[in-house]
Amino acid sequence: MFQIRIHGRGGQGVVTAAEILSVAAFDEGRHAQAFPSFGSERTGAPVVSFCRIDDRLIRTHEPVMEPDAVIIQDVTLIHQVDLFSGLSRDGYVLINTSSSFSELNFGDFFDQFHPDRLMTCPATDIALEHLGRPLPNAALLGGFAALTGEVTMEAIDKAVREHFAGSVGERNAAAVKAAFDCVASKIKQVARASTN
Amino acid sequence: MTSQDVHFYQVGSFAVGNRLLEQEERTVQAQVDRTNSIDSGHRACQGCGEALGARYALDAAMRATNGQIVAVNATGCLEVFSTPYPETSWRIPWLHSLFGNAPAVATGVAAALRAKGIEDVRVVAQAGDGGTVDIGFGCLSGMFERNDDVLFICYDNEGYMNTGVQRSAATPPAARTATTKAVGAEPGNTFGQGKDLPRIAMAHNIPYVATATVADLHDLERKVERAMEFHGARYLHVLVPCPLGWGSASNETIHIARLAKESGLFPVFEAEDGVVRSVSPIRRRVPVEEYLKLQRRFAHLFGPHPRLDVIARIQSMADANIERYGLVSPESLEESS
Amino acid sequence: MLRQIEGSRAIAETVALCRPEVVCAYPISPQTHIIEAVGEMVKAGTLAPCEFINVESEFAAMSVAIGASATGARAYTATSSQGLLFMMEAVYNAAGLGLPIVMTLANRAIGAPINIWNDHSDAMAVRDSGWIQLFAESNQEAADLHVQAFRLAEELSIPVMVCVDGFILTHAVEGVDLLEQSFVDAFLPPYEPRQVLDTNAPVSIGAMVGPEAFEEVRYLAHLRQLDALERIPEIAQEFFEASGRDSGGLVRPYRTDDAEVIVVAMGSVLGTLKDTVDLRRDLGERVGVLGVTSFRPFPSEAIRDALKHARQVVVIEKAFSIGAGGVLSSDIAIAMHREETLLRTVVAGLGGRAITRRSLEKVLDDASDNELAPLTFLDLDHDAVDRERARMQATRRSGPSAENLLRDRGTVSQKADA
């Protein structure tokens, strides 16, 4: 089972992101589950959503306590919420920011992690460019696909187009591709750097 | 229908007149083949205005709909005295659910009929004043707002009679009830409270709102039949004196209802889409004392230390109604002088 | 057809397949998505003939359903928590009148303090009302149970509520295999009322019944629920034969045959429990889970049979009776009445507090060491409780406890003069 936790703020489409991710996995013939942790509708408040992907039927309904991947849609949460609780050293982290991972001042927290599993991606900028709106959720899923390979970009693309109708879907799909390419190339850079 | 006044001077009332009318102008109650929707054998008190009002209204509704109505009843006197286990005095399909939900239950019945494509069966909901203006108020307003196809009839005896004569939002000022006793500096029900349900109904802009009393049978029947010409939410507020709760003689129910109208305390009118369309003018105006003195619930206003100040306040309420609705027409002013 | 779909949506689409004629509901989290979806289908004309009534309160919602059902229409509504309490009078009324209304109860905690998250206190509040109460373990079962619910309700003239954990199930997007219209039509015939408001055959429904007959009327309702104990598994079996799916029934045992410790629970926590039990089984522990699907009528015999060989029974429940103890536990205890078996109650998940596998494993650890107290509250912060008790002891004007606890946690900002 692969477990993802997505952190963001109300209004950023955190819940939708988990749902689209689960649909993408479902379209690839896997079992998937997505659910939010919050209840009341309130813009701006910290929000968490969860997604599980497995080849077997998913029975559990507890929150994701030990994520394999954490996606952070809003970098201002970093020192406010315990974003990485339960994340193992083999875990993946994708943060929406134009800074690099090392510029984010995590100290030695991530020293034992795999450097090619810790990525940032300027998803808001990508979203502004392709959608005209600062909604980074779909783009980040493209980054996730590149980072973990847990779902293909094609599946994310299809799920995004299903969820958002017409041209909005197309533009979101373009943002997905852009973020995918961005993260994919960063991973290559890290790989090259480590072999040097 | 144009109404014809038949003055029966020997009796001093308009109660008798069917024999002088054409067959089609006679009341439903005058027909031998009337439904008797609420049949004899019920357990109402002697002189109960509500039993009278219910029979008048529902028989008229049955004629207007060719016998196709379903009645929804709130908890209260009518429900209790009409269905003493194991008997029922209802000859029509009848549903009683709870005290506060008659309007909503009626909405459900109407919705079911519509879903099933049954167009000729109409829904009548009925409740006392408690089930209408107090506990049923939320559901009533909801039914009005949605314009559900229900005729709601309130039998207003101005208090919770079935449970022992307690005050409701329809209890008039100064009236003695078990919870507004005739003691202290301000005996009886407090001034400045209460709800004017007919006007609240009008404020919802529903197709038809009317008030009536059991003193004028023709008028009440005509209004029920008129209401049945509309589809959507309709409201009929009927004043029904309660000998037990009002402390009046059981043979004076109709007389007291007439005095309520003739004093101006109970305006009788019709409204459509929130606007008053017609008014039943006062024939021979009476001062409120004529009405109040027949009821022991106002006895504390009379006697060796009469509360003339309170009576005056009640009189000014009547005056205000007369002014607002134009209840005293120039013609009737001429007649009464 | 298998779809990745939100639980609420799966329920709504399945309810629509049941051809309800009157749907009436008042919005309350977390039921909203169900009713919105049904309303959309009615407005778009895909669910017809059906009247969708936007009522002004939950009390009105159940009342409209009562009127509609008494007129022979298939009626459906949904609510949660506070809404259920607001319609409580009508809930009892519907059962007493024998009207086959089906309601989805999206389980949510009852306040005060106001809480929108899941627990079972709402269902427990009406357990004596005469409604049949079925608890869904998953969204698949939640959808399937509604079809069985209408069938059961209309056969027996008993209203049925399908309990679905709010947010945890209603707002989870999962794979659900939705039924076809032809399947539902074959499984659920049109509603043939036992009593109906009909101008051709007028009856009075809802008359007063005094001491001379009330007990008999109540007992008849009890007998009808006991009849349901037979019909529920039969209907579930019929459903299984037609669909291949094990949905519904009275109880669902999982690896209990040779278990020494059996955990009993209802609703979505069963999925988490099954994962936990599998892990423990891999370690050689003989532990199993018994899911209770039909809470009312309470399947005493089936439960007794399933638990009789266990050394210890641990009931994990999302409700409790303040001042007394577990609710499900007391029903289980009555069913068991065997001194050799240890019965333990663990109250968990109140107000939506997550029940984690980690915490469940701790419970099983304590159980196997015989260290589980008769009544415990999972993951309770005893220190916070003690601090509040100390505050209350120290001063009379100690303020609202809920606020004090939240401030303690840092959730509510400090008072200006603190």
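Predicted model: local features only at pLDDT ≥ 70, side-chain atom pairs only at ≥ 80, totals over all residues.
Q: How many helices and strands does chain A have?
A: Chain A has five helices and six strands.

Q: Why does the radius of gyration of chain A agree with a compact globule?
A: For 196 residues the globule rule gives a value near 16 Å, and chain A has 16 Å, so the two agree. The C-alpha trace of chain A spans about 45 × 35 × 35 Å along its principal axes.

Q: What share of chain A counts as buried, and what share of its contacts with a separation of 6 or more is between residues 24 or more positions apart?
A: In chain A, 48% of the 196 residues count as buried. Residues 24 or more positions apart make up 64% of the contacts with a separation of 6 or more.

Q: What makes B:Glu158 buried or exposed?
A: The cut-off for buried is 20 or more other C-beta atoms within 10 Å. B:Glu158 has 29, so it is buried. Its place is the loop between strand S4 (150–156) and helix H6 (197–203) of chain B. The phi of B:Glu158 is near 60 degrees, a positive value in a residue other than glycine.

Q: Why is B:Asn205 called partly exposed?
A: Partly exposed lies between the limits of 12 or fewer for exposed and 20 or more for buried. B:Asn205 has 16 C-beta neighbours inside 10 Å, so it counts as partly exposed. B:Asn205 sits in the loop between H6 and strand S5 (208–213) of chain B. Its phi is positive, about 60 degrees, although B:Asn205 is not a glycine.

Q: What makes the bond between B:Tyr85 and B:Pro86 cis, and where does B:Pro86 lie?
A: Omega of that bond is about 0 degrees. B:Pro86 is in the loop between helix H2 (77–82) and strand S2 (94–96) of chain B.

Q: Which strands form the open sheet, and in what order?
A: Nine strands form it, in the order S8(B)-S7(B)-S5(B)-S6(B)-S4(B)-S3(B)-S1(B)-S2(B)-S9(C), with mixed pairing.

Q: Why do S8 of chain B and S9 of chain C stand at the edges?
A: Strand S8 (275–279) of chain B and strand S9 (204–205) of chain C each have a single partner strand, so one side of each is left without a neighbour in the sheet. Helix H3 (residues 102–115) of chain B packs on the sheet, touching S1, S2, strand S3 (122–128) and S4 of chain B. The direction of H3 makes about 170 degrees with that of S3(B).

Q: How do you know that S1 and S2 of chain B pair?
A: Pairing needs at least two bridges. Three bridges join strand S1 (residues 69–73) of chain B to S2(B), and the two run parallel. B:Val72 has B:Leu95 as its bridge partner in S2(B).

Q: What do chains A and C contribute to their contact?
A: 22 residues of chain C are in contact with 18 residues of chain A. H10(C) gives the most to the chain C side, with four residues. The residues of that side divide into nine nonpolar, eight polar and five charged.

Technical notes. Residues numbered from 1 in each chain as written. Chains lettered and ligands numbered in written order. Rg over C-alpha atoms; globule rule 2.2 N^0.38 Å. Contact = placed C-beta atoms within 7 Å. Nonpolar A, V, L, I, M, F, W, Y, C, P; charged D, E, K, R; others polar. Axes fitted to C-alpha atoms, helices over the stretch in contact; angles between N-to-C directions.
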